[in-house]
Amino acid sequence: MTTAEHFRDAVARPAATVSIAGVPWPTYKAVALLIGLVVFAIVAVVTTTAAPAVLGGAAAATTVWLVAGLTGRTR
């Protein structure tokens with residue numbers, strides 16, 4: 001496979017994995033963690049307490065992780 005063919009294939013379909021510290025992760029897991037971090041930050045700023053922020057971030061990340069994982073495997 002030439003570099004041009006590899007680039008064309010990479011642009012045509014999104015990457016199924018993301019390299020984090022040299023370890024390939026499914027994209028949906030990285031997205032779930034980022035969403036959990038964003039929810040954590042928003043709830044922490046609004047409530048100024050740790051417990052709801054941690055629980056909200058964990059719930060959001062877990063929900064996205066499970067839903068995206070289940071829907072991605074059925075395709």
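W65 counts as partly exposed, because its relative accessibility is 29%. The model in which this residue is described is a predicted one.

**The aromatic pair**

W65 belongs to the 1 aromatic pair that the structure holds. Its partner is W25; the ring centres of the two residues are 6.4 Å apart and the planes stand at 70 degrees, so the pair is edge-to-face. The reasoning rests on the cut-off for this class, which is an angle over 60 degrees between the planes. W25 is found in strand β2 (residues 23–26), whereas W65 is found in helix α3 (residues 50–74), so the pair ties together parts that lie 40 residues apart in sequence. W25, too, counts as partly exposed, because its relative accessibility is 26%.

**Overall arrangement**

The secondary structure of the chain consists of 3 helices and 2 strands. Along the sequence these elements follow the pattern α-β-β-α-α. The chain has 75 residues, and 11% of them count as buried. Its accessible surface amounts to about 5,700 Å², and carbon and sulfur atoms account for 74% of that surface. Where contacts join residues at least 6 apart in sequence, 35% of them link residues at least 24 apart.

**The nonpolar patch and helix α2**

Which residues form a nonpolar patch on the surface? The patch is made up of L34, L37, F40 and V54, which together have about 380 Å² of accessible area. Helix α2 (residues 27–47) gives the most to this patch, with 3 residues. F40, a member of the patch, lies in helix α2. At 35% relative accessibility, F40 counts as partly exposed.

**A59 in helix α3**

Helix α3 also contains A59. This residue counts as partly exposed, because its relative accessibility is 41%. The C-alpha atom of A59 is separated by 7.5 Å from that of G36, and the two residues are 23 apart along the chain.

**Accessibility of the residues discussed**

The class of each residue in the table follows from its relative accessibility, because partly exposed covers the range between the limits for buried (under 20%) and exposed (over 50%).

| Residue | Relative accessibility | Class |
|---|---|---|
| W25 | 26% | partly exposed |
| W65 | 29% | partly exposed |
| F40 | 35% | partly exposed |
| A59 | 41% | partly exposed |

Conventions:
Residues numbered from 1 in each chain as written. Predicted model: local features only at pLDDT ≥ 70, side-chain atom pairs only at ≥ 80, totals over all residues. Heavy atoms only, no water. Phe/Tyr/Trp six-rings, centres within 6.5 Å; stacked < 30°, edge-to-face > 60°. Helix = DSSP H or I, 4+ residues; strand = E, 2+ residues; numbered from the N terminus. Buried < 20%, exposed > 50% of the residue type's maximum accessible area, 1.4 Å probe, protein only. Patch = residues over 30% accessible without salt bridge, like charges linked within 9 Å, V, L, I, M, F, W, Y side chains within 5 Å. Areas by Shrake-Rupley, 256 points an atom, 1.4 Å probe, with all protein chains shown as cover. Salt bridge = Lys/Arg side-chain N within 4 Å of Asp/Glu carboxyl O. Contact = heavy atoms within 4.5 Å.
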